[in-house]
Amino acid sequence: MRRREFIKFLGGAATWPLEALAQEPGRVYRLAIVITAGRDEPPTMAFLDELRAQGFVEGKNLEFISDGFRFNNEQAAAMVPAIVKAAPDAIVIAGDFIAEKFREATKSIPLVVMTEDMVAAGFAASLSKPGGNITGISLMSPDLDGKRQDILIEAVPDAHRIAVLADSNVATLDHLKALEASAISAHGKELLVVRAANAAEIVPAMNDASTKGAAALNVLSSPMLWINRRVIIGRAAELRLPAIYQWPEIADEGGLLGYGPSFIEVFRQRARMVARVLRGTKPADLPVEQPTTFKLSINLKTAKAMNRTVPAGLALRADKLIE
């Protein structure tokens, strides 16, 4: 090969997708999915699209060994033994409850986990060096729940009593005490904690908050509460209870306020981590990632239906206004 042709060849090779250089030709990678979103929902579609962009295409070199889309805790827990026995190349997991079930069941299969706080929950020794067979995305939820509470208080300044809807499976006493201390010391507000462990307990908890005089609701971060978001949105509308949610996309579905990282972008971030694990990076060597961009969405139609006016300063800071 002539020198000029060789340089041209190298230049072309530099533009090849990295996955084409790293993936094993002819190999079919086996992935187990146990997540809160349905297969046809935008976050999952973004996840699958990002996997394709990384060179992992279902029906070609990728197969799913479980139908773990839009799970609840009980369903997911029942799936654990069969998934571990099938020994996939990696398991994609959402939520502290089910992550703990898989951690108990396997110390060898790579687990790509997304939880509210990976280190605090004990799934990673540190963000930089998770150790073991687990890595993933830590959502910074304890800090963000506090930020959401501040935004909610700004949105509903006349609310003396603020309720938090907590998932009994994941909410810690320390976290709830920190939220209460912030509400009292920073804003002079009274905090009311209501809890739900499953879907059936959500509406009674919200009714309890309303009966006890709560004038606004902070829906804390939780896969279970995410799955049941439409129930929460609907009951909040009936109670005329202004609420803020974990993901900005929930405002598109009728929630009043949503603040946090984009659910869709986090799913793409998660897919890129999965691709690295499938290519052979050990979870212990793959640092836990955190979201870096946070957005505020406000649904002005919902505010109008509740006969609420969003303060002008808050509306100006919003990344998205739904009118």
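Predicted model: local features only at pLDDT ≥ 70, side-chain atom pairs only at ≥ 80, totals over all residues.
**Exercise 1. Find the stretch where pLDDT stays under 50, and say how many contacts beyond four places in sequence the model has for it.**

Solution. Residues 1-21 are the stretch where pLDDT stays under 50. Now look for their contacts beyond four places in sequence: the model has eight.

**Exercise 2. Work out the strand order of the open five-stranded sheet, and which strands stand at the edges.**

Solution. Step one: trace the sheet across, and you read E2-E1-E3-E4-E5, with parallel pairing. Step two: check the ends. Strand E2 (62-64) and strand E5 (134-138) each have a single partner strand, so one side of each has no neighbour in the sheet. Step three: going from one strand to the next, the twist averages 20°.

Strand E4 (residues 111-115) pairs with E5 through five bridges, in the parallel sense. Among the facing residues, threonine 115 sits opposite serine 138 of E5.

Helix H4 (residues 73-86) lies across strand E1 (29-34) and strand E3 (90-94), and runs at about 170° to E1.

**Exercise 3. Is strand E6 largely enclosed or left open by the rest of the structure, and which strands does E6 pair with?**

Solution. Take burial first, counting a residue as buried when its relative accessible area is under 20%. Six of the seven residues of E6 (residues 161-167) are buried, so the rest of the structure largely encloses this strand.

Next, the partners. E6 runs parallel to strand E7 (residues 190-196), with seven bridges between them.

**Exercise 4. Describe how helix H6 packs against helix H7, and what kinds of residues make the contact.**

Solution. Two numbers describe a packed helix pair: the angle between the axes and the distance between them. For H6 (residues 141-155) and H7 (residues 173-187), the angle is about 35° and the axes are 10 Å apart. The crossing is right-handed.

Now list the contact residues. H6 brings Pro142, Asp145, Gly146, Gln149, Asp150 and Ile153, while H7 brings His175, Leu179, Ser182, Ala183 and His187. Sort them by type and you get four nonpolar, five polar and two charged.

Notes
Residues numbered from 1 in each chain as written. Heavy atoms only, no water. Buried < 20%, exposed > 50% of the residue type's maximum accessible area, 1.4 Å probe, protein only. Helix = DSSP H or I, 4+ residues; strand = E, 2+ residues; numbered from the N terminus. Pairing = 2+ DSSP bridges. Axes fitted to C-alpha atoms, helices over the stretch in contact; angles between N-to-C directions. Left-handed = near helix turned anticlockwise from the far one by under 90°. Contact = heavy atoms within 4.5 Å. Nonpolar A, V, L, I, M, F, W, Y, C, P; charged D, E, K, R; others polar. pLDDT = per-residue confidence, 0-100.
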